[in-house]
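Hi there,

Here is the structure I promised to pass on. Have a look through it, and then read on for what turned up.

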Amino acid sequence: MSAAPQAPAPVASTVIDPVAYAEWDGLLDTFDWLRENMPVTRVENGDLHDPFWLVTGYDDVMRISKDNKTFLNSPRGVVFGFREGEEIVKAVTGGSPHLVNSLVALDAPIHPKYRRLTQEWFMPKNLKQLEGEISALAKTTVDRLVEAGPEADFVPLVASPYPLHVIMQILGVPEADEQRMLFLTQQMFGGQDEDLNKTGMANMTAEQITQLVIGAVADFEAYFAKLTEEKRANPTDDVASVIANAKVDGEYLSDRDMAGYYIIVASAGHDTTSASTAGAMMALAQDPEQFARLKADRDLLPGIVEEAIRWTSPVQHFMRTAAEDVEIGGVHIKEGDWLMINYVAANHDDRVFENPRKFDAARSPNRHLAFGAGAHQCLGLHMARLEMKILFNELLDRIETVELAGEPKRAKSSFVGGLKTLPLRYTLS
Ligand code: HEM
């Protein structure tokens with residue numbers, strides 16, 4: 001076993017810097033260097049945050065994700081945060097490191113009980129019933145793009161509203177409230193980006209960002225408390241009704257647990273899918289030959305979706321806490337240590353993915369880790385795949401050629417990230 005490898009200072013600051021995630025290529029270079037030189041590395045940036053181990057290799061990220069006994073979610077924050085922000089969260093929650101008590105903050109034996117409540121609902125068999133509704137929505141979404149042509153920003157017109165509308169419909173949130181949900185999600189996930197946090201402020205302090213997120217969560221909780229009342233009085237077949245009426249060990253979920261459940265579905269369910277959709281469209285706008293090939297061969301539709309999700313890896317990391325002393329990649333990790341499993345890095349590991357920076361819808365196999373693995377593997381993965389498949393089929397039907405009409409811009413976020421603008425020029429079929 002070797003001595004603990006320490007990330008050099010510029011690397012340590014890059015891997016937590018939202019701006020580096022927005023610039024992307026340099027970040028991928030950093031991850032390549034880390035995988036080559038120190039695939040499990042200690043990251044410290046003075047007093048800014050608790051030290052953590054950054055894991056960048058595919059096999060190590062897979063192993064940690066699947067070993068849910070040794071690598072826990074509940075003891076510490078599951079998303080990287082600065083010390084100042086973590087202290088505020090503990091003060092607000094009365095000691096919990098989790099502002100939101102959602103599935104990703106839980107471990108066994110509670111986690112499987114909570115997950116089981118909605119797992120069935122998100123399986124392909126149940127989702128099949130939604131296909132007609134989702135197809136109609138994809139069509140009206142692409143209608144908007146067609147009408148706006150020959151140039152438009154794909155993100156606000158298609159990539160963002162489409163998955164938002166799907167998830168809100170299955171959650172039972174009325175259309176009139178969708179913009180409020182989008183606003184809250186972007187504040188939660190995009191706090192580091194001046195365009196998404198809705199304050200117009202760049203370089204906000206950890207305290208300002210944390211306060212913004214606390215406000216967004218409080219608003220979500222108040223909104224869903226009202227929805228729960230309605231869904232208990234008049235249950236329907238949407239997910240909100242399942243959550244509102246669910247019982248664990250004979251009891252309804254507490255208000256905090258219920259809010260956490262709604263919030264993770266409401267938030268995880270759209271910015272992620274939106275980022276993968278926009279990313280794939282950008283890749284295709286830069287590769288007309290591949291676009292033409294995909295138009296002609298719809299057998300490649302599942303491949304587009306899978307590659308879109310790998311190539312963009314919109315959930316960029318999650319954190320785990322070691323339950324006991326353990327060795328990974330020859331490095332000794334101590335009980336209680338904090339680890340970052342980085343999905344962007346793992347999905348660009350060239351020992352697993354040939355030419356990983358290339359978008360290749362025909363890539364096979366494509367066993368990416370963008371949905372995670374193990375007990376917490378994305379609950380909505382079938383739903384994300386279904387939505388994207390239907391949308392890309394519609395886009396390939398209606399768009400003849402597509403190219404960039406300006407510079408795409410990525411969000412500044414080290415957690416959920418992706419394009420915030422994608423100007424396109426296109427012709428119709
Ligand atoms: C968890 C990615 C879409 C709901 C996760 C995790 C990742 C992820 C990486 C954590 C996995 C782990 O810890 O091993 C993505 C990506 C998506 C996407 C890349 C789209 C491209 C969705 C959708 C929904 C959803 C559409 C809801 C309908 C959830 C939930 C969890 C989760 C509830 C927590 C599961 C648990 O802790 O048991 N997702 N997701 N996600 N996702 Fe997704």
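Let me start in the sheet: Met319 has Met340 of β10 as its bridge partner. Strands β7 and β10 (residues 338–342) run antiparallel and are joined by 5 bridges. Strands here are DSSP runs of E with at least two residues, helices are runs of H or I with at least four residues, and both are numbered from the N terminus. Two strands pair if DSSP finds at least two bridges between them.

A caution before the rest: this is a predicted model, in which local features need pLDDT of at least 70 and side-chain atom pairs count only at pLDDT 80 or more, while totals for chains, interfaces and linings use all residues. Residues are numbered from 1 along each chain as its sequence is written, and side-chain values use heavy atoms, with hydrogens and water left out.

The open sheet has 5 strands in the order β1-β2-β10-β7-β3, with mixed pairing. At its edges, β1 (40–43) and β3 (71–72) each pair on one side only.

Now the ligand. For polar contacts (N or O pairs within 3.5 Å), a side-chain N or O atom of His376 is 2.7 Å from a ligand oxygen, and one of Arg320 is 2.9 Å from a ligand oxygen. Ala373 uses a backbone N or O atom, 3.2 Å from a ligand oxygen.

Best wishes

How values were computed
A polar contact is a pair of N or O atoms within 3.5 Å; within protein, one must be able to donate a hydrogen and the other to accept it, and residues adjacent in sequence count only if both atoms are side-chain atoms.
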